[in-house]
Amino acid sequence: MSDETEAREDAPAETLFEAPPMGEQERMVEAILFASAEPVTVRDLNNRMPHGADAAEALVHLEKRYEGRGVRVVRVGDAWAIRTAPDLGFLMQKETVETKKLSRAAIETLAIIAYHQPVTRAEIEEIRGVSVSRGTVDQLLEMEWIRFGRRRMTPGRPVTFVVTQDFLDHFGLESARDLPGLKELRSAGLLESRPPPGTMPGSGEGDPDAEEETDEGQSELFED
């Protein structure tokens, strides 16, 4: 579908009824975003608002009105949401749920999917140089940070993987082009600060994923 076709579908439908004043449309968009637990697309906003309303224009005004406030109107992928201003996130720390740490295999797999999406399991294994366990992929799917993409038109028609809007929303990203670095991952509790296996005396045993990941490798994957 072309960008022009998508723009026509997102545009408000023509109607004989007069659209509400833009100030009222802003209030409507604000109410929908505030009440929604998930980001909302412009198309969904237009579908909920009266005929003739222009959610895209209302969002422009609303985004400016929230500049410098405690919460902001932000774009998440192809949708919009109201989120706490980044510099005030520390105020919510006591109310956050402890996040389960991802294995190094899962972090590396997630990074490859984000950078190379859509990507097949075979391509992930080729990039990493080791096989990807089913449990690693299942964990990322259960967290809803990745999802199945379109099948490749190649022999066997292998399924591809892409990151989800939940992944973008969790890290406050507009698109997969802006990936979190090691500091962000550690702050989110997804990466331990301990040295990689084999760097401390007597650590020859290491964890089962020792041959797959190191902090140095993660740095290369997550930082430009």
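Trainee: Which residues are linked in a network of salt bridges here?
Mentor: Glu26, Glu30 and Arg65 are. Keep in mind that this is a predicted model.

Trainee: How far apart are the closest N and O atoms of Glu30 and Arg65?
Mentor: They sit 3.6 Å apart, and the pair forms a salt bridge. Glu30 belongs to helix H2 and Arg65 to helix H4 (residues 55–65), so to speak two distant parts of the chain, 35 residues apart, are linked by the pair.

Trainee: And Arg65, what does its relative accessibility come to?
Mentor: Arg65 has 42%, so it counts as partly exposed. The cut-offs are under 20% for buried and over 50% for exposed.

Trainee: OK, how many salt bridges does a search of the whole structure find?
Mentor: The search turns up 7. One of them joins the side chains of Asp169 and Arg83, at 2.7 Å from N to O. That pair also links distant parts of the chain, with Asp169 in helix H8 (residues 165–170) and Arg83 in strand S3, 86 residues apart.

Trainee: Is Arg83 buried or partly exposed?
Mentor: Partly exposed, because its relative accessibility is 24%.

Trainee: What does Arg128 form a salt bridge with?
Mentor: With Glu108, where the closest N and O atoms are 2.9 Å apart. Arg128 lies in helix H6 (residues 121–128) and Glu108 in helix H5, so this pair ties together parts 20 residues apart in sequence.

Trainee: Are those two buried or exposed?
Mentor: Arg128 is buried, at 11% relative accessible area. Glu108 counts as buried too, with 8% relative accessibility.

Trainee: Switching to strands. What is the order of the 3 strands in the open sheet?
Mentor: The order is S1-S3-S2, and the pairing is antiparallel. Strand S1 (40–41) and S2 are the edge strands, each pairing on one side only.

Trainee: How many bridges join S2 to S3?
Mentor: There are 6, between S2 (residues 71–76) and S3 (residues 79–84). Val71 is opposite Thr84 in S3, and Val74 has Ala81 as its bridge partner there.

Trainee: Which strands does helix H2 lie across?
Mentor: H2 (residues 22–35) lies across S1, S2 and S3, and runs at about 70° to S3.

Trainee: Now S6. What does it pair with?
Mentor: Strand S4 (residues 119–120) pairs with S6 in the antiparallel sense over 2 bridges. Strand S5 (residues 146–148) is joined to S6 by 3 bridges, also antiparallel. Phe161 in S6 stands opposite Val119, and Phe161 is also the bridge partner of Phe148.

Trainee: Which way do the S6 residues point?
Mentor: From S6 (residues 160–163), Thr160 and Val162 point one way, Phe161 and Val163 the other way, and all are buried. In a regular strand, side chains alternate between the two faces of the sheet.

Trainee: Last topic, the surface. Which residues make the nonpolar patch of about 300 Å²?
Mentor: Phe90, Leu91 and Met92 make that surface patch. Leu91 is in the loop between S3 and helix H5 (104–116). Its relative accessible area is 49%, so Leu91 is partly exposed.

Trainee: And where is Arg48 found?
Mentor: In helix H3 (residues 42–48). Arg48 counts as exposed, at 53% relative accessibility.

How values were computed. Residues are numbered from 1 along each chain as its sequence is written. This is a predicted model: local features need pLDDT of at least 70, side-chain atom pairs count only at pLDDT 80 or more; totals for chains, interfaces and linings use all residues. Side-chain values use heavy atoms; hydrogens and water are left out. Helices (H or I, at least four residues) and strands (E, at least two) are DSSP runs, numbered from the N terminus. Buried means under 20% relative accessible area, exposed over 50%, partly exposed in between (1.4 Å probe, protein chains only). Two strands pair if DSSP finds at least two bridges between them. Contact means heavy atoms within 4.5 Å. Axes are lines fitted to C-alpha atoms, for helices over the stretch in contact, and angles run from 0 to 180 degrees between N-to-C directions. Patches are made of residues with over 30% relative accessible area and no salt bridge: like charges are joined within 9 Å, nonpolar side chains (Val, Leu, Ile, Met, Phe, Trp, Tyr) within 5 Å. Accessible areas come from the Shrake-Rupley method with a 1.4 Å probe; for residues, only the protein chains shown count as cover. A salt bridge is a side-chain nitrogen of Lys or Arg within 4 Å of a carboxyl oxygen of Asp or Glu.
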